[in-house]
Amino acid sequence: MTRPTLARKLDAHCAALGACRQCGHDDSCVVPILSPARAPKVMLVGQAPGQVETGEGERRAFAGRAGKTMFRWLDRIGVDEATFRSRVYIAAVTRCYPGPHPSGRGDRVPSRLEQERCGEWLGAELSIIRPRLLIPVGRLAIEKFLPPSPLDQMIGKVHEVTHVGGRSRVIPLPHPSGASSWVNLPPNRALLERALDLLGAELSAIWGANVLRRSA
């Protein structure tokens with residue numbers, strides 16, 4: 001598929017996704033968050049937008065505190081936020097803010113029904129983009145592509161999976177939310193560093209080494 005054809009397909013897809021209201025949210029501000037990338041060879045799949053992403057003036061995936069953490073991780077391997085957003089199609093298991101967690105700490109995990117209803121959008125994106133590389137972030141997204149396993153058996157490795165769009169290499173990352181303490185343990189931090197090194201090598205192979213800003 002040529003890049004112009006891909007861009008047209010993603011324009012049409014995002015127009016349809018942006019109009020989706022099948023979950024029946026009462027808040028008119030709760031709408032699907034869209035990715036601006038139109039020639040992607042890489043997809044990142046998160047869990048769901050947060051409240052900040054839903055707020056007026058944002059409407060961008062990973063615009064809140066978790067996003068700042070994730071983009072700090074990516075900066076370490078030489079990928080700035082603007083480059084990442086323009087080259088990587090950012091999707092999610094569900095596309096609308098699910099609301100706060102009943103405990104008052106963090107966001108509610110999307111229900112199984114919400115995940116099923118949003119699944120068609122992710123499937124369509126995989127079929128349209130046919131990504132060479134998938135980056136699932138957090139357990140909910142990781143388990144869309146890999147069998148359930150402890151995170152320390154999945155992070156820090158390159159996996160290969162078959163999906164509706166074909167075959168992709170997969171480098172999972174832990175969720176960057178402050179609600180998750182997994183990454184704070186030294187052995188897990190080492191696995192994250194390994195995953196980022198692998199991700200840098202994969203992105204360099206896909207985009208060309210000159211795209212990544214390498215430190216001395």
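Analyst: Happy to. Keep in mind that this is a predicted model. Let's begin with Arg 59, which, leaving aside its neighbours within four places in sequence, is in contact with Cys 29, Val 31, Ile 33, Leu 34, Glu 53 and Thr 54.

User: Where is Arg 59 placed, and how far is it from Leu 34 in sequence and in space?

Analyst: Arg 59 sits in the loop between α2 and α3. From Leu 34, Arg 59 is 25 residues away in sequence and 7.5 Å away in space, C-alpha to C-alpha.

User: Why does Arg 59 count as partly exposed?

Analyst: Buried means under 20% relative accessible area and exposed means over 50%, with partly exposed in between. Arg 59 has 30% relative accessibility, so it counts as partly exposed.

User: What about Phe 62: is it buried or exposed?

Analyst: Phe 62 belongs to the loop between α2 and α3 as well. Its relative accessible area is 12%, and the limit for buried is under 20%, so Phe 62 is buried. Its phi is also worth a look: near 55°, a positive value in a residue other than glycine.

User: What is phi of Arg 130, and what makes that residue exposed?

Analyst: Phi of Arg 130 is near 50°, again a positive value in a residue other than glycine. This residue is in the loop between α5 and β3. Exposed requires over 50%; Arg 130 has 52% relative accessibility, so it counts as exposed.

User: How do you know that Val 137 is buried?

Analyst: The relative accessible area of Val 137 is 0%. Since buried means under 20%, the label follows. Val 137 lies in the loop between β3 and α6, and its C-alpha is 6.0 Å from that of Pro 172, although the two are 35 residues apart in sequence. Beyond four places in sequence, the contacts of Val 137 include Leu 44, Val 45, Phe 62, Met 70 and Leu 173.

User: Why are α1 and α5 called roughly antiparallel?

Analyst: The two helices pack at an angle of about 175°, with their axes 10 Å apart. Angles over 145 degrees count as roughly antiparallel, so α1 is roughly antiparallel to α5. On the α1 side the contact is made by Leu 6, Lys 9, Leu 10, His 13, Ala 16 and Leu 17, and on the α5 side by Trp 121, Ala 124, Glu 125, Ile 128 and Ile 129. By class, these residues are eight nonpolar, one polar and two charged.

User: What makes His 13 buried, and which residues does it touch?

Analyst: His 13, in helix α1, has 7% relative accessibility. With the limit for buried at under 20%, His 13 therefore counts as buried. Not counting residues up to four places away in sequence, His 13 touches Tyr 89, Trp 121, Ala 124, Glu 125 and Ile 128.

User: Finally, how many residues does the largest nonpolar core have, and which element gives the largest share?

Analyst: The largest nonpolar core has 53 residues, and among those with the most contacts inside it are Phe 84, Ile 135 and Leu 199. Helix α7 gives the largest share, eight residues. Ile 135 touches residues including Val 42, Met 43, Phe 84, Ile 171 and Leu 199, leaving out those up to four places away in sequence.

Technical notes. Residues are numbered from 1 along each chain as its sequence is written. This is a predicted model: local features need pLDDT of at least 70, side-chain atom pairs count only at pLDDT 80 or more; totals for chains, interfaces and linings use all residues. Side-chain values use heavy atoms; hydrogens and water are left out. A nonpolar core is a set of buried Ala, Val, Leu, Ile, Met, Phe, Trp, Tyr and Cys residues joined through side-chain atoms within 4.5 Å. Buried means under 20% relative accessible area, exposed over 50%, partly exposed in between (1.4 Å probe, protein chains only). Helices (H or I, at least four residues) and strands (E, at least two) are DSSP runs, numbered from the N terminus. Contact means heavy atoms within 4.5 Å. Axes are lines fitted to C-alpha atoms, for helices over the stretch in contact, and angles run from 0 to 180 degrees between N-to-C directions. Angles under 35 degrees count as roughly parallel, over 145 as roughly antiparallel, 65 to 115 as roughly perpendicular and the rest as oblique. Ala, Val, Leu, Ile, Met, Phe, Trp, Tyr, Cys and Pro count as nonpolar, Asp, Glu, Lys and Arg as charged, and the others, Gly among them, as polar.
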